[in-house]
Amino acid sequence: VWLMGHSNGAVSVTEFYKYLQKNKEENLISGIIYSAGRNRASFKNNTDLPVLFLAHEKDGCSNTTIANSRSVYDKLKKTSKAKVEYVYIKGGEPEAMDPCRSGYHMFHGAGEEVYKAIDSFASEFYPTEHP
């Protein structure tokens, strides 16, 4: 089972994983996609599972800063034995709405780029054979 949390959802998946760690059930999760994570999302030092970080390079949401997600990534990269990767999404389009609920933050118009980043990361753990 892989979990994906986007924005506030990144807080949910990291807190759920901490709950599993506390109850010695962390083996129930195989990996996490941490997407445009809210600034208060974090991992414990003993997190040891594959994590893909996604962020749009032009995300204008003040609640999900790249500086914060890079800090969480850097810390996890130093302590985890598992693969931890950070991917910047470059495509997509802005929208004239709340930057925390639209546009680059929501990967508007960049769905294929996001899908390919996730597929590329996950395929390292679950390779598929094509005829």
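Why is the disulfide of C61 and C100 right-handed? The torsion about its S-S bond is about 95°, so the disulfide takes that hand. Keep in mind that this is a predicted model. My points follow.

1. **The disulfide.** A search of the whole structure finds 1 disulfide. It joins C61 to C100, with the sulfurs 2.1 Å apart. C61 sits in the loop between β3 (51–56) and α2 (66–79), and C100 in the loop between β4 (84–89) and α3 (111–123), so the bond ties together parts that are 39 residues apart in sequence. Find both loops in the structure above. Both C61 and C100 are buried.

2. **Helix α3, length.** α3 has 13 residues. From its first C-alpha to its last, α3 reaches 18 Å. That is close to the 18 Å expected at 1.5 Å a residue.

3. The buried residues of α3 are V114, A117 and F121. They cover an arc of only 65° around the axis, so they lie on the same side of α3. The elements covering these buried residues include β1 (2–6), β3 and β4. Now look at the face turned away from the buried side. There α3 carries the exposed residues E112 and Y115.

4. **Salt bridges, the count.** The structure has 7 salt bridges. Three of them are taken up below.

5. **K18 and E15.** The side chains of K18 and E15 form a salt bridge, N to O 2.9 Å. K18 and E15 are 3 residues apart in helix α1 (residues 8–22), so about one helical turn separates them. What about exposure? K18 has 18% relative accessibility, under the 20% cut-off, and therefore counts as buried. E15 is partly exposed, with a relative accessible area of 39%.

6. **E124 and K83.** Here the N to O distance of the salt bridge is 3.2 Å. This pair links distant parts of the chain: E124 is in the segment after α3, K83 is in the loop between α2 and β4, and they are 41 residues apart. Relative accessibility is 45% for E124, which counts as partly exposed. K83 is also partly exposed, at 33%.

7. **R101 and D98.** R101 forms a salt bridge with D98, and their closest N and O atoms are 3.6 Å apart. R101 is exposed, with a relative accessible area of 67%. D98 counts as partly exposed at 37% relative accessibility.

8. **A network.** Which residues do salt bridges with shared partners join into one network? They are K83, E85 and E124.

Terms used:
Residues numbered from 1 in each chain as written. Predicted model: local features only at pLDDT ≥ 70, side-chain atom pairs only at ≥ 80, totals over all residues. Heavy atoms only, no water. Disulfide = S-S within 2.5 Å. Helix = DSSP H or I, 4+ residues; strand = E, 2+ residues; numbered from the N terminus. Buried < 20%, exposed > 50% of the residue type's maximum accessible area, 1.4 Å probe, protein only. Expected span 1.5 Å × (residues − 1). Arc of directions from axis to C-beta. Contact = heavy atoms within 4.5 Å. Salt bridge = Lys/Arg side-chain N within 4 Å of Asp/Glu carboxyl O.
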